[in-house]
Every structure is written in structure tokens, then in C-alpha cells.
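User: Could you walk me through this one before I set anything up?

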Amino acid sequence: MMARGPKIQIQRVAKSFGAPGRAMPALEEIDLDVAEREFVCLLGPSGCGKSTLLNIVAGFLAPTTGTVLVDGRPVSGPAPERGVVFQEYALFPWLTVTGNVEFGPLLQSRPAAERRRTVDRYLDLVGLRAHADKFPVQLSGGMKQRVAIARALANNPSVILMDEPFGALDAQTREVLQDELSRIQRVEHKTILFVTHSIREAVYLADRVVVMTSVPGRIKQVFPIKLPEVRDRFAPEFTQHESDITRVLREEVAKVRA
Amino acid sequence: MLWSLLSGAVVVLKLFNPIFLPGPWLVLGSVLDMAVRGPLWIHLAATLERVAMGFGAGAALGVALGLAAGHLTPVRNVVEPLVEVLRPIPPLALLPMFIVWVGIGEASKIGFITYATFFPIFLTTVTGVRQIDPLLVRAAQSLGARGVALFTRVILPAALPDILTGLRLGVALAFFVIVISEFIGAEHGLGYLINDGRNFFLVPQMLGAAVVLGLLGYAGNGLVRLLERRLTRWQHPA
């Protein structure tokens with residue numbers, strides 16, 4: 001690795017949808033750098049364009065203006081260096097758990113023995129070794145999302161983009177998976193951009209929380225989270241961060257309602 | 001059972017000449033007789049060969065063009081209007097035209113099956129490809145799948161259940177149209193047997209051939225279902 005610039009550089013990115021002339025702006029002038037190994041959460045009221053921004057970094061959408069650089073190179077489409085975890089899991093239903101996790105290594109024509117090691121390693125990491133031969137229809141939501149995380153990691157991307165990955169799960173499962181993701185990140189040290197609308201989730205996971213405004217989305221305020229790696233949801237410093245962010249976010253939610 | 005009772009009632013009550021509705025045993029006897037003497041197998045083989053070749057070509061064409069039209073917009077823009085114009089015309093209405101163009105030989109019979117089976121297979125394949133969850137495509141792309149790999153590893157397996165439904169419809173249709181095309185200018189085949197039975201008033205032979213056709217259609221459907229169960233086990237794993 002050469003220059004030690006930011007891993008992800010989002011430069012004056014704006015996006016509007018619809019025909020030119022009566023286009024609806026969704027994002028306005030976003031500037032954001034994410035350092036290597038940093039965990040950044042995008043937080044904002046629903047419809048603020050945080051998922052749009054994630055999709056632009058993933059390469060699924062082209063920005064109307066501005067550019068996204070990863071390792072200094074402009075993003076022009078989806079690529080295996082940027083793994084994506086979706087809220088709806090997006091597992092391939094015709095492949096087993098193993099088949100899904102193996103998908104990336106198989107495309108890279110890795111030898112069978114190496115693929116098996118990779119699959120074993122990541123299934124162990126997410127605790128699903130015993131379910132290796134099951135099909136996605138046989139799994140619960142939490143298990144599906146674990147498979148999706150293992151699938152993304154097994155492809156060895158340097159960046160992982162997560163779009164409300166725990167949004168469809170019940171409260172208990174959600175906290176369990178937050179614990180697991182936090183543990184995985186202490187092992188894997190990926191650069192993670194994570195979209196959520198849960199303040200608790202953001203404070204629990206992130207190194208920095210980026211609060212966005214309501215439509216059209218802009219960056220309202222950035223909160224560095226100065227908490228230990230292993231976090232306690234009931235510590236006074238944790239709740240202090242929560243209430244700080246809540247206060248700022250509430251103004252934006254009120255604007256949407258008005 | 002019902003057939004046996006019905007034909008019995010016809011005899012007992014003298015409703016009409018029993019020759020119009022021979023009992024099941026008489027029909028079975030006629031089938032066995034044809035089987036033992038040999039002609040049944042010749043006709044069966046002729047029909048099966050036409051169905052296999054016609055359906056095979058129709059399936060290959062329907063799946064290939066369907067995949068292309070579903071995946072590539074320019075292909076869809078060319079093929080779909082053509083299909084939409086021809087599809088509402090019942091294939092049987094075009095049978096005489098086929099004979100005028102291609103003659104009454106094997107080629108026209110096989111070609112006709114191909115033509116008729118193409119439509120359901122093409123349409124379900126296009127639907128299958130177009131209904132793929134775009135999220136699966138995005139997931140595959142962000143794992144590094146592009147071009148041919150994206151097609152063979154994601155689009156094809158995702159569309160497979162719909163393709164198999166099309167094949168099942170196609171098999172049924174193949175047996176449907178082969179009978180009629182064997183009525184015209186054939187010297188062998190189960191359809192020929194029925195028509196021959198009509199000419200010479202051999203009612204047991206007519207019904208016997210119909211029963212054999214029914215069994216063939218049932219077996220064909222079962223074969224595709226078996227294929228379906230094997231290939232889409234992931235939908236209902238044990």
C-alpha cells in the first residue's frame with residue numbers, strides 16, 4: 001500500500017432523481033472522508049438519502065455531480081473491493097450456506113482447498129458451521145444476515161458497505177448481531193460504512209457518527225465516538241453520546257413532520 | 001369404473017348401438033392386440049420421435065431466445081413484437097399453412113410442434129429473467145460477478161423455476177398438436193391410428209390410441225416434474 005490518504009473520499013457528491021428540469025434533489029453537496037479501518041455510521045431521518053449515498057459508494061448509482069474515490073481511484077460501478085450487506089440479505093436462494101459464502105472465492109477461481117478453508121473460517125466467525133449445508137429458506141432472519149456478512153467477508157473486500165443490515169430483525173436478534181459485528185470488526189479491521197436510523201446502534205458500533213439532514217440530505221453534524229472498543233450500552237458516557245445525537249437528530253425529524 | 005358402468009348401461013338399456021361406446025375391456029383388448037402384433041410400437045415410436053424432436057427444438061429455441069430477450073433490451077425489442085403478433089393465433093389454425101410451406105412430410109410435423117411449443121417456453125423464460133430480484137444482481141456484482149459469470153451463476157438459476165414451468169406447458173402442448181398433425185398426411189403415429197380408426201369405424205382402436213396418448217402425456221409431465229424437483233430442491237429442501 002502506497003499513499004496513506006483516506007480510504008474513501010466522497011467529494012461534493014450530489015444526486016437528484018427524475019427528469020432534468022423537474023428533478024427532485026435527494027443529496028446535496030456531500031463531502032466525507034473515511035479513514036482506513038474506520039467504522040462510520042450514516043444516521044438520519046428516513047428518506048434523507050443515506051441509502052442513496054451508500055448505493056453511490058457501492059457503484060450501484062452514479063452521482064449527478066461529484067465523485068467517490070476509494071484508495072484514490074474513482075468508483076465507476078460495483079466491484080469486489082467493496083462488499084455490500086443489504087437489509088433484505090440478498091442471499092442466492094438456490095445455493096446452500098456454503099455455496100453463498102463460496103460465491104466470491106469461486107468467481108476468483110480459488111483452488112478448492114483454499115475455498116474450503118475460507119468458508120470454514122467465516123462460518124466459524126459467524127457461528128454457522130453447523131448450518132453449512134442448509135438452504136436460505138431454512139434459516140431465520142438473523143442467520144441469513146450472518147451468512148450475508150460471512151459472504152461479504154469471504155470475498156476479502158477492503159471496504160464493507162452495510163445498508164440498514166439489522167433493520168428487519170427483532171430487537172433481541174439485532175443486539176446479538178451488533179455484538180457479533182463489533183467482535184468481527186476487532187478481528188477483521190475493515191473500513192465500514194454503515195447506514196442506520198438507530199442512534200443506539202450507531203453509538204454502539206461507530207468510530208464516527210455522521211448525522212444527515214432531512215431531504216435533501218446534507219451532513220448536519222459529525223460526532224466522533226470516544227468510547228472503548230468493547231462498549232457498554234448502559235454506561236453513562238454511552239447514554240451521553242446517545243442524548244447528544246438525539247437532540248440534533250430530533251430537529252431534523254421535526255422538519256419532516258412540519 | 002365410470003366408463004365400464006356407462007358402457008354397461010348402454011348395452012343393458014339399449015340406449016344406442018354399443019359399437020359407439022365399447023367397454024374398457026374391449027379397448028384394452030384392442031391395445032393389447034396391437035401391441036402383440038407389433039403395429040402399436042411403430043405408431044408409438046413415430047409419435048414419440050416427432051414429439052421428442054419437435055419439443056426438443058422448441059425448448060432449445062424458446063429458452064435461448066427467451067434468455068436473450070429477457071436479458072438484452074435490443075433483442076427483446078426485436079423479438080417480442082413478433083411473438084405478440086403470432087401468439088394470439090391458435091397454432092392449429094396455422095397447420096394448413098405449415099403443410100403448404102413445408103409439405104406433409106416429417107419436417108412439417110416436427111416443425112409444427114416446435115412452433116407451437118416455442119411460445120409458452122419463450123414467454124415463461126422471458127418472465128423468469130425479468131422477474132429476477134435486482135438486489136440479487138447487485139449482490140452478485142459487488143462480489144465480482146460480471147458478464148458470462150453473472151449470467152450463468154445468477155440469472156440462469158434464478159429464472160430456472162419459470163423455465164421449467166414453460167417446459168411442462170410445452171410438453172402438454174406437444175402431445176396436443178401432434179395428434180392433429182398426424183391426422184393429415186401421416187402413415188404412422190397415434191394420431192394416424194385414431195384417424196384410421198375413424199375411416200374404418202374401428203372404435204376400440206380410436207379409443208385405444210387416445211388412452212395411449214393420455215398415458216404418454218402423463219409420463220411426459222411426470223418426467224419434467226422429476227426434473228423440476230431435482231433442479232429446484234432449494235425451494236422445498238427436506
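What follows is a short exchange about the contacts, the domains and a few backbone details of this structure.

Analyst: Please keep in mind throughout that this is a predicted model.

User: Switching to chain A, what does the domain assignment give?

Analyst: The assignment gives domain 1 as 8–81 + 158–257 and domain 2 as 92–156 of chain A, and the C-alpha centres of these two domains lie 26 Å apart. In the contact between them, twelve residues of domain 1 of chain A meet nine residues of domain 2 of chain A. Helix α5 (residues 171–188) of chain A supplies the largest share of the domain 1 side, with six residues, and that side has nine nonpolar, one polar and two charged residues.

User: Now the helices in chain B: at what angle do α3(B) and α4(B) cross?

Analyst: The axes of helix α3 (residues 39–71) and helix α4 (residues 73–86) of chain B cross at roughly 125 degrees and come within 6 Å. The two helices are therefore oblique to each other, and the crossing of α3(B) and α4(B) is left-handed.

User: Which residues make that contact?

Analyst: From α3(B) they are B:Leu65, B:Ala68 and B:Ala69, while α4(B) contributes B:Val75, B:Arg76, B:Val79 and B:Glu80; by class, this contact has five nonpolar, no polar and two charged residues.

User: Back to chain A, where is the cis peptide bond?

Analyst: The cis peptide bond joins A:Val215 and A:Pro216, with omega about -10 degrees, and A:Pro216 is placed in the loop between β9 (208–212) and β10 (219–224) of chain A.

User: And what is phi at A:Arg37 and A:His189?

Analyst: A:Arg37, which is not a glycine, has a positive phi of about 70 degrees and lies in the loop between β2 (24–34) and β3 (39–43) of chain A. For A:His189, also a residue other than glycine, phi is positive and near 50 degrees, and A:His189 is found in the loop between α5 and β8 (191–196) of chain A.

User: Why does A:Arg37 count as partly exposed?

Analyst: A:Arg37 counts as partly exposed because it has 14 C-beta neighbours inside 10 Å, and A:His189, with 13 C-beta neighbours inside 10 Å, counts as partly exposed too.

Technical notes. Residues numbered from 1 in each chain as written. Chains lettered and ligands numbered in written order. Predicted model: local features only at pLDDT ≥ 70, side-chain atom pairs only at ≥ 80, totals over all residues. Domains from an automatic or database assignment. Contact = placed C-beta atoms within 7 Å. Helix = DSSP H or I, 4+ residues; strand = E, 2+ residues; numbered from the N terminus. Nonpolar A, V, L, I, M, F, W, Y, C, P; charged D, E, K, R; others polar. Axes fitted to C-alpha atoms, helices over the stretch in contact; angles between N-to-C directions. Parallel < 35°, antiparallel > 145°, perpendicular 65-115°, else oblique. Left-handed = near helix turned anticlockwise from the far one by under 90°. Buried ≥ 20, exposed ≤ 12 C-beta atoms within 10 Å, placed from the backbone.
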